[in-house]
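The following exercises concern a single structure, and each is followed by a worked solution. Please work through them in order.

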Amino acid sequence: MYAVGLAAALPAVARPLVDTDGLTLAEPLTTRTDLPAFPTSSVDGWAVRGTGPWRVVGRVLAGNTPTPLAEDGTTVEIATGAMVPEGTTAVLRIEESTVKGGLVSGTPRPAPEWRQPGEEAYADEELLPVGTPIDPAVIGLAASCGHDTLRVRRAPRAALLVFGDELLTAGPPGAGRVRDALGPAVPAWLRRYGCHVRPSDVVGPVADTLPAHVAAVRAALTNADLVCTTGGTMHGPVDHLHPTLEALGADYVVNTVAVRPGFPMLLARLADHDGRVRFVAGLPGNPQSAIVALVSLVAPLLAGLQGRAMPVLPQATLAEAVPGRGDHTHLALVRLDRAAGTAYPVRHVGSAMLRGLAGADGFAVIRPGTNGAQGDRVPIVPLPLLSGERAS
Ligand SMILES: Nc1nc2c(c(=O)[nH]1)N[C@H]1C(S)=C(S)[C@@H](COP(=O)(O)OP(=O)(O)OC[C@H]3O[C@@H](n4cnc5c(N)ncnc54)[C@H](O)[C@@H]3O)O[C@H]1N2
Ligand code: MOO
């Protein structure tokens with residue numbers, strides 16, 4: 001999935017620095033100057049030349065270019081962050097100095113009290129590689145390096161089509177009808193993987209007819225790089241996804257996965273005459289199965305589309321036994337104890353349920369033909385949760 005996404009990586013664009021949070025570097029981050037760019041005082045005090053006492057000949061504040069200290073026995077008052085004048089031999093801290101009759105006395109500390117150009121980085125040095133996800137720390141670093149814009153991958157545009165005439169979009173379920181749980185939730189998950197999803201990109205329930213499905217997918221594809229659909233992945237009387245993909249001339253990248261829950265998930269690719277590649281991800285209708293498809297199929301695709309590194313799965317030790325699912329991989333919802341590095345299976349994990357998911361951090365991977373025993377180290381497929389979520 002990752003390689004398929006990377007092969008269709010989205011174009012690089014220039015974006016103002018302040019609009020880059022959550023995007024991905026499309027070229028390495030380098031610095032435009034030495035950092036710091038000039039010798040910078042790290043304290044408030046006196047820039048002195050030669051041995052003291054020193055005669056005060058001026059003052060230099062942050063933001064100014066000072067005149068050089070031309071004579072031994074002279075000093076200028078200097079502020080933290082100010083450029084150290086040429087000729088300075090030491091900086092004396094204000095609190096370690098005395099001033100009497102225009103003369104400054106004191107003993108400068110042996111270690112330099114200023115930062116040398118290039119101490120943090122040299123001009124043109126590569127600080128972060130291409131493919132780095134941009135977060136506030138990266139934005140701050142880029143600003144300190146003198147960047148006004150960054151070359152980034154355009155954010156993937158995603159759309160969601162919800163299939164199923166039985167779905168209610170408001171009020172309590174009953175009388176054969178269930179609430180659409182995926183229309184409200186999937187766009188929020190997609191945004192956490194870096195997608196741009198506008199409210200108008202979420203459509204449904206789409207009427208359970210083939211023409212309505214074809215028209216909805218076609219319309220969504222005009223703008224989106226990735227169209228996710230929910231439901232209709234099987235071959236029941238009103239499951240129209242496969243015939244829709246056929247009608248649109250899509251190629252399957254993946255058509256069902258030997259995993260439980262979530263096995264009917266699929267990924268299809270469409271190539272335009274202009275070479276633009278778009279994807280349709282078919283998420284199964286059972287709500288937990290749809291999320292399994294998101295974390296296992298869609299997440300690596302999106303990493304590739306954004307030109308990021310292949311996500312590496314963390315590992316955890318099972319705190320309790322987790323049964324396998326025969327010849328299928330079992331993705332079992334677990335809550336992590338991060339400090340202990342352990343994973344606890346959660347309850348209410350039927351594929352039609354969302355209660356377990358709402359208390360879980362991710363899915364433990366139980367390999368085909370195995371059972372997870374207490375103490376086993378297993379990979380964890382994480383949910384894209386933010387810091388502080390699930391804090392107990
Ligand atoms: N004969 C078989 N039937 C089914 C099999 C099978 O192997 N043989 N597999 C089951 C599995 S596993 C899954 S998963 C589902 C996947 O089916 P679809 O993707 O075609 O989904 P639907 O039939 O449309 O819906 C399934 C289920 O999920 C509910 N649903 C659908 N969308 C939503 C939504 N947005 N919010 C909440 N709930 C939703 C829907 O009402 C159904 O209950 O197929 C099984 N059947
Ligand atoms: O595999 Mo289905 O996706 O169990 O619910």
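**Exercise 1.** How do the residues of the shell around ligand 1 divide into nonpolar, polar and charged?

*Solution.* This is a predicted model, in which local features need pLDDT of at least 70, side-chain atom pairs count only at pLDDT 80 or more, and totals for chains, interfaces and linings use all residues. Residues are numbered from 1 along each chain as its sequence is written, while chains are lettered from A and ligands numbered from 1 in the order in which they are written.

Step 1: a residue is near a molecule if its C-beta atom, placed from the backbone, lies within 6 Å of it. Of the 25 residues around ligand 1, those that come nearest are G231, T233, M234, P284 and G285. Two or more residues of this shell are given by each of the elements β13 (158–163) and α6; such helices (H or I, at least four residues) and strands (E, at least two) are DSSP runs, numbered from the N terminus.

Step 2: Ala, Val, Leu, Ile, Met, Phe, Trp, Tyr, Cys and Pro count as nonpolar, Asp, Glu, Lys and Arg as charged, and the others, Gly among them, as polar. The shell then divides into 12 nonpolar, 10 polar and three charged residues.

**Exercise 2.** Describe how helices α3 and α6 pack.

*Solution.* Step 1: α3 (residues 182–192) and α6 (residues 287–305) pack at an angle of about 15 degrees, their axes 11 Å apart. Axes are lines fitted to C-alpha atoms, for helices over the stretch in contact, and angles run from 0 to 180 degrees between N-to-C directions. The helices are therefore roughly parallel (angles under 35 degrees).

Step 1: in the contact, L182, V186 and W189 of α3 meet P287, A290 and L294 of α6; contact requires C-beta atoms, placed from the backbone, within 7 Å. The contact residues comprise six nonpolar, no polar and no charged.

Technical notes: Parallel < 35°, antiparallel > 145°, perpendicular 65-115°, else oblique. Contact = placed C-beta atoms within 7 Å.
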